[in-house]
Amino acid sequence: MLPKATLFGAVFFTDMDDRPVQLHAVYSHEHPWQLPGGTCESGERPWETAVRETEEETGLVVPGPPRLLAAVFGLPGAAWPLATAGFVFDGGRLADHQIKHIRLDPEEHDEVRVLSLEDWRALMPGRDFARLAALTQARRTGTAAYIGAWDWDTEPGGTTTSTKEEAR
């Protein structure tokens with residue numbers, strides 16, 4: 001039997017001062033701050049998912065062509081029985097008026113925040129912050145990151161977690 005996996009696509013935005021923009025999830029206490037994006041639908045490619053989900057979740061239209069910032073892989077766990085493979089794309093820098101006019105889907109997110117990378121640290125689990133830091137570095141260096149241990153049941157260092165969020 002071949003291993004089964006889900007795919008996802010997400011978009012990384014910053015403001016004009018390179019501070020990451022994230023959305024507060026209403027459905028996940030374990031991973032409260034997230035990038036726009038989500039799980040691929042049948043027949044959909046990760047870039048298409050990232051563009052569709054970002055527009056649905058924020059009202060923002062992501063311009064192409066896609067620029068990959070990171071590939072993310074996670075083994076399955078108790079809360080999500082499939083491995084996940086995802087791609088995070090660069091959405092660019094948003095002007096203040098674009099951030100101000102983000103339209104959230106209230107079934108998924110209830111707040112948008114723009115903070116310095118260091119200010120995000122206290123608001124996020126360790127692996128979430130590590131991914132955000134890797135995205136920031138990938139944008140700065142132009143070299144895509146590989147995040148190969150985004151497993152469902154463990155934090156870096158082996159800490160067990162429990163999550164019911166979508167594959168992001």
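This is a predicted model: local features need pLDDT of at least 70, side-chain atom pairs count only at pLDDT 80 or more; totals for chains, interfaces and linings use all residues.
1. Residues are numbered from 1 along each chain as its sequence is written, and side-chain values use heavy atoms, with hydrogens and water left out.

2. Buried means under 20% relative accessible area (1.4 Å probe, protein chains only), and strands are DSSP runs of E with at least two residues, numbered from the N terminus.

3. Next, look at the partners of β1; two strands pair if DSSP finds at least two bridges between them. With β6 the pairing is parallel over 11 bridges, and L7 stands opposite A85. With strand β4 (residues 37-39) it is antiparallel, over three bridges, and A10 faces G37 there. β2 also pairs with β1 in the antiparallel sense, over two bridges.

4. Within β2 (residues 20-25) you will find Q22, which is buried at a relative accessible area of 2%. Beyond neighbours within four places in sequence, its contacts (heavy atoms within 4.5 Å) include W33, E111 and W120.

5. Finally, W47 and F89 form an edge-to-face aromatic pair, 5.1 Å centre to centre with 80° between the planes. Ring centres must lie within 6.5 Å to pair; planes over 60 degrees apart count as edge-to-face, under 30 as stacked and the rest as tilted. Both W47 and F89 are buried.

Methods. Rings of Phe, Tyr and Trp (its six-membered ring) pair if their centres lie within 6.5 Å; planes under 30 degrees apart count as stacked, over 60 as edge-to-face and the rest as tilted. Buried means under 20% relative accessible area, exposed over 50%, partly exposed in between (1.4 Å probe, protein chains only). Helices (H or I, at least four residues) and strands (E, at least two) are DSSP runs, numbered from the N terminus.
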